[in-house]
Every structure is written in structure tokens, then in C-alpha cells.
Amino acid sequence: MKAFILSAEELGRLVTEWAKSGAVYAPVKVKDWSEFRRISSLAEADLTRVNTKLSARSLLFPQCETMFRFETSHPDKAQLAAEPVPQVILGVRPCDAAGIAVLDKFFAGQGETDTFYRRRRDKTILVGLACQVPDDTCFCTAVGGSPAGTRGLDLLLTDIGGHYVAEPLTERGEAAVKDMNEAAAADLAKKDELASKATAAMAERIDTRKLKELLDTADTNPVWGELSLPCVNCGACTFVCPTCHCFDITDETRKDKGARIRVWDTCQSCMYSQHASGHNPRLAPAARFRNRTMDKFRYTVDQVGEVSCVGCGRCIRECPAGIDIRETVERLMLALGEQSADAMQTADCKMQKAK
Amino acid sequence: MSREEQLRKRAKELLAKKEVVMVICYRAGKRPGTATPAFVTRPDGADSLVFDDRCGMNLAAYLPRVKHLGRIAVVAKGCDSRSLVTLLKEKQVTRDQLLILGVGCEGVKEKGKLSDACATCAYPNPVICDEMIGEKVTEPPPAPDPLADFEKLTPDERWQVLADDVSRCIRCYACRQVCPNCYCPTCFVDTNSPQWVGKTTAESDNMMFHLMRAMHMAGRCVECGSCSRGCPMGIDLMRFNRKVAKIVKERFGATAGLVPDEPPALAAFDPGDKQEFIQ
Amino acid sequence: MDESPVTEAVATDSTAGAFEPKIVAFLCNWCSYAGADLAGISRIQYPPSIRVIRVPCSGRVDPFFILKALQNGADGVLVSGCHPGDCHYLTGNYVARRRFAVLNDLLEFAGIDPGRVSFSWVSAAEGERFAEVVRDVTEKVRQLGPNKKLLKEEVA
């Protein structure tokens, strides 16, 4: 598809247009970070920060979602939650969009689809924004992504200095910008140059290709005990993760009326794996830590054919204990790759010098 | 010898002589300006230990998890040592399970700024320790009451400020998990019969969680600020904790985490306690 | 007294839809509950605003009970136990008093209007006093109006 060029004013007009027929969400400055909020004009958005506090997942798979309402006196008359309104999510970073592509596989892929996710996803247009200066927590290139990645998006914007190059990636994306001017060759060259610069700026060079193979036989490796020690098993990493998608279902009733609600759940909570019998197969903190790492780099490869870490770095940024998943992977590769204890120690020293 | 060198040397000795099975301290994180808790069990592992203004995590939080291993040496700044006192008071650890390596603390920095909790710290030096590593730091003059401005607001304004703040809560319970006081095998948020706190992030449920968490901190919280620093959503959790600490101080003259033999303020009473609020 | 339930009922009738608070009262079995009983058998009049929950001691009252009542639609909460020194279990109300003190101050701090949650000491012999406390608490809550803060209005 051919690319278009938009001035900031034109983008502003598009936003106003979109806001008339649905909801527009974009990163908005909150204290010293940004969060996706509903906006009515582009001026409210802050497109300068790399990653929002929570990923765009919360707009497709909200933390609390009413599935249906019921009355105990009329059990046959459950009322499905109202249809969601059409939405445009503006300023989605490529890692977040890749995360949504992963969620699509779980919730809207082959086999069973999730009604509530599907309904929102079908009415969502994802307008991405290519990254130019990575944060110190970014590592998308290490997990198959790119600062200018297009996966999952309908439209990708690249800020080439006052103007945006808009690359439509789907028909929906094309329909949104088709009346704009076509991008000139110079604009496209500038866009490509910025993309390769951004990729070169990604410091992280970890290689996760062999990891799956190593993890396949690592269930009982003692390395988990050591790696998990600093982890306090809060759910912060899972809640900020663009691809974590576990939920819990609960009924809330008042007198004879009630609603069935689903809320985010986390494998880091010991309640997550608690059986009705009282048995808990994942009671040990290390087992819970192992589960998250295994899930990202092994289980989802088995389930949907790809690693479910998109390198957004949110778990690194928000971990209260300062655990860095890049380092976890490095140490795992060293420990599982039959390297000697000396190698581990060299890694220790390296990390210490890195300060 | 710098404090860091002394720390490493001492940790190495303790592990080599098998006086302890583990030293809990910090090591540099992968990202510049960050540190992460370190659990060293071999003498040679002590070379990577650090202690400076990046080391915010309250290490006392880990003790209930590792105390079964044997005697543990733990590096404690003022607030960590007070948390250890709380744990001792509440019989979660015994004194002989601990070897406390005290360090003076000049405050923890977050993104280059002094952490909010540290700005009003009254106890930068350990209140209990077996040995000091390095010198004590000068005790700061009493800080002005950080709640003064908030308390001047009207009740409706106060409610609104708190409701806005906790509306961001994603109920990840990082505040609970990093807190050395939160060691209950089953937390009130995890019970479902009765279900004390609703699972949703509605204002009412979030407020219920934060108010009740504050109640459970009364007379126990040492105001280390781990919860506020740990909160991924940047909620000012310390506002609640500071308030309960202030109430307990004003009403019962008690300060948490100072005297191991005294019971926690809310597990005790004085027949003369003020009761002006009771009809 | 013009606060008797009879005049009140009339007042409510004449101003249809006027706010009548719902108050949850946690009463200690050994004192205030018996005090309420005494008020009843002595035919002392007080507003029909309270829903009594009998507890074995004011020390049994967890702050959760109070907040949960507000969350589930109570406009006010009253906790009443034995006078200091008179606890059936010797010290239950002393320990409870500290807890209530912290809760009272914390709720005020959080902007929950003072008067929404009340505490009292009423013995088994104080029927008239019990009625007086209920009249007073009801009036305070009526002045405040329906509880909105902490109320979980409708499910999700």
C-alpha cells in the first residue's frame, strides 16, 4: 500500500473526525509518565514518551469487564454486556501492537474465540507510532520486534519532524488516511533512515532463539531457586505486560440482581493456582517466578508458536525489586547452557561493572 | 577501606566461617542507577555486593521466606532495622536467627531524586544491630509534617484526592508483597468467604483495600516507603501509612519498630486512653 | 420530646420521600444489646433507623464490619459496647477502643464525614441512654444525608 504524509494539523483534524464517531484513546501525560486516556483533540495527547504506564491491552481486555447481568428471580434472562463503541487507539508503540497481535492469537485466533475481546477488537483501529529513541528498558529487537515494527497495526505513523509519514497496513488503516497527500520519496527515505537509526540505538543484543530449547528441560533446574530469590511475587509485571491475559471470573450480587465480572488475574499470586481441595501445585515462590518466565519463552511457543515477550520493558521498569527480565534470560542461558559456575561468576562481575 | 569494601569483606568472612548461611544485601541492577536485592551464600559471591542510595528495597521483607535456611545476615539501614524490630515483636523471627549488619543511610534516590519517604526519615541509623559497617550518619532535624497541607483540605476535597489517587490502583498488591509487615499466609484480599474486598477496581473496592491496609499497618508501619516506591502506578501509599503512624503516635505515644519487647500499639491498651470520640 | 418515633412517622408522611437513614448497629451482647432490650420492654421510644447486629463483645467488631456496612448501603454505623472496666471479657473493649480510635481518625482523614460512624458505651441498665444514643446518631446521619462515599452503588 502506498504511504501518505500528514501535517500535525491534519492529524489533529483526523483525531477530531474519529472522535465524532467513536472513542479515541492516546497517551496522555499523568504526573511523570503517560497513560492511555480518552481524548477529544490531539492537543490532549502526549506522543513524546516511549511507553505508557499500562499497555494498550487494557483498552481491548480491560482490568474489570462485566460479561453479563442477571436477576436471580429470572435465571433464564441474562443480559449480555452492551456492545462496545468503536475506538481508535492512537500512538500505540510497535511493541504494544505486537503484544496485541499475540493476544489476538489467544483470544481471537483459531478454535474458540473470546466474545468480549473479539467484539472490542473488531471495532478497534490501531494507529501506531514508530519509536526513535529507545528507553533504557527497551529490548524489542531481542525478541523479534523493531522500533518501526508494523505487526498488529492498521496504520503506522513516523514523525519525520513536524510531519508524519502514515503507512496503511490494513484496509481500515488505508480508509482512515486515503484522502491525504501521498508521501514523497524524500519523506520515505527520511522515515527509513530514522527507522534504521532507532534500530541501531537498541543496545540490547540478547539472543532468545536457543532459549526455548533450553527451557524445555529446565523444569527442575536449581537455577530457578537462585533467580527467583529477589522476586516478591507481586503481580506488577503481569499486569503491566502487553501479552499477559489471565483473568478471574467473579459474581457480584446485590439483593436479587447481579453481574458476572472478569478481572485480571496473575500467576504470581498463590491464589491463582489454589485448588478447591486446598492443594496448591505452585505454592513455592520460585515456582511462580518460573511460571512467568517459562510462559513467556516456552509455553506460549508451544501454544501459539511464538515467544510472548515483545520487549516493551514495562516489567523491568515497574518491578519493585529491580528484577530485569533481560538479565534473567542471560543468566538462564548461562546456567542452562551447561556453562560452568565460573561463567556465572563472570556474569556477576560483568553486571557489577555495568553500574 | 570504603564502606562497600568493609561490607564485602565482612560478608565474605561470615560465609567462609559459616557463621551465617546467607547474606542479604544488594547488588547493582542491569540498568544504571538501580540495585536489586542480592542473596549471597558463597564467600566469592560477596564481591558483587553494594550499598548506596540506589538500595531502596526493605530487605526485612525477605526474612520470613528464607529464615528456615539457618542464620541469616541482613544488611539493615534505619528503616530495615525497624522492620526487623517489628518482625521480632510479632515473633516472625527470633533474634538468634539474625545477624544484623547495620549501615547508616543518607536516603534512597529514585530517578535521581530523594525518595519521598526518606525526606522525612527520623531514623537513618539502625535502631538494632549486631555490628555497624561504616559510620553512623548524622540524625536529621525533625521534618515538618508532610500531611499538613492535605489535612487542611475539606473532607470532600480529601476524599476526592484519595479517590483519584487510588483510582489508578491495579490491585497487583506490590505494596503488600514488598512490605515486611505483610506476612499473613492468607491476606484479607484473598479470602472469599467472606469476601472482604471486592475484586473490581471500582472506587469503593479500591478505597476499601487501601483503608483496610492502612488499618492493618497501624502501630506497625515503620514508614520505610517501600510500598510507595514499589507501586507501579505511582500511588502515594505513604499518605495512608503516615497518617496511621501519626494517629498512633499522638493517641498512644507509640512509634513502631523501636523496642522489640514492647507489644504493637494496637495489641495493647492503656485504661487511660483518650476516648473523646465515644459517646 | 419532638424526636419520638410517632412525631417522626408523621413528619415522614407529610414530607413524602424525606430521607430516613439506615443505620447498622453492632451491639455487645453483654451490655448495649441488653440496653436495647431494656429500652424496648420499658417502651422508650426511639427512631426505627437501626438494624441491630449482636456481637459477643465490642472487641469482636472488625473495622471491616463497619466499612463493609457503608459499602453495602448503610448510611451510618453505630458500635456500642460496655463502659471501660465493665467488659465481660475484662479487656475486650479496651483493645477495641484503640482500634476504633485509629479507624475514627483515619475515616476523618479520608474525608468520610464525622458522624457517619459512631461509637458509644451503653450498659445493660441504660435503656433510656440507649434510646438517646440512637436518637442522636440518627439525627446526625439524617443531617449528613445518604452515604455516597465508599458506597458500592451498583455491581460493576
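Student: How many residues of domain 1 of chain B are in contact with domain 2 of chain B?

Tutor: Keep in mind that this is a predicted model. On the domain 2 side of chain B, the contact takes 21 residues. On the domain 1 side of chain B, the number in contact is 23.

Student: Which helix gives the largest share of the side of domain 1 of chain B that touches domain 2 of chain B?

Tutor: Two helices of chain B, helix 3 (78–89) and helix 4 (116–119), each supply at least two residues of that side. By class, the side has 12 nonpolar, 6 polar and 5 charged residues. The largest share is 8 residues, and it comes from helix 3 of chain B.

Student: Why does the radius of gyration of chain B agree with a compact globule?

Tutor: Chain B has 279 residues, and a compact globule with that number would have a radius of gyration near 19 Å. Along its principal axes, the C-alpha trace of chain B spans about 60 × 45 × 45 Å, and buried residues make up 52% of the chain. The radius of gyration agrees with the globule because the value for chain B is 19 Å.

Student: Now chain A: how many residues does each domain bring to the contact between domain 1 and domain 2?

Tutor: Domain 1 of chain A is assigned as 4–65 + 84–201, and domain 2 of chain A as 211–242 + 269–353. Their centres, over C-alpha atoms, are 29 Å apart. The contact takes 20 residues from domain 1 of chain A and, from domain 2 of chain A, 15 residues.

Student: Which strands of the open sheet in chain C stand at the edges?

Tutor: This sheet has 4 strands in the order 2-1-3-4, with parallel pairing.

Student: Which residue is the bridge partner of Ala25(C) in strand 3 of chain C?

Tutor: Strand 1 (residues 23–28) and strand 3 (residues 76–81) of chain C run parallel and are joined by 5 bridges. Helix 3 (residues 63–71) of chain C lies across both of these strands and strand 4. In strand 3, the partner of Ala25(C) is Leu78(C).

Student: Which helix of chain C gives the most to the side that touches chain B?

Tutor: The contact joins 33 residues of chain C to 33 residues of chain B. Helix 3, helix 4 (92–109), strand 4 and helix 5 (127–144) of chain C each supply at least two residues of the chain C side. With 12 residues, the one that gives the most is helix 4 of chain C.

Student: Why is Tyr89(C) counted as partly exposed?

Tutor: Tyr89(C) has its place in the loop between strand 3 and helix 4 of chain C. Residues up to four places away in sequence aside, Tyr89(C) touches Cys57(C) and Gly59(C). A residue is buried with 20 or more C-beta neighbours within 10 Å and exposed with 12 or fewer. Tyr89(C) counts as partly exposed because its number of C-beta neighbours inside 10 Å is 14.

Technical notes
Residues numbered from 1 in each chain as written. Chains lettered and ligands numbered in written order. Predicted model: local features only at pLDDT ≥ 70, side-chain atom pairs only at ≥ 80, totals over all residues. Domains from an automatic or database assignment. Contact = placed C-beta atoms within 7 Å. Rg over C-alpha atoms; globule rule 2.2 N^0.38 Å. Pairing = 2+ DSSP bridges. Axes fitted to C-alpha atoms, helices over the stretch in contact; angles between N-to-C directions. Nonpolar A, V, L, I, M, F, W, Y, C, P; charged D, E, K, R; others polar.
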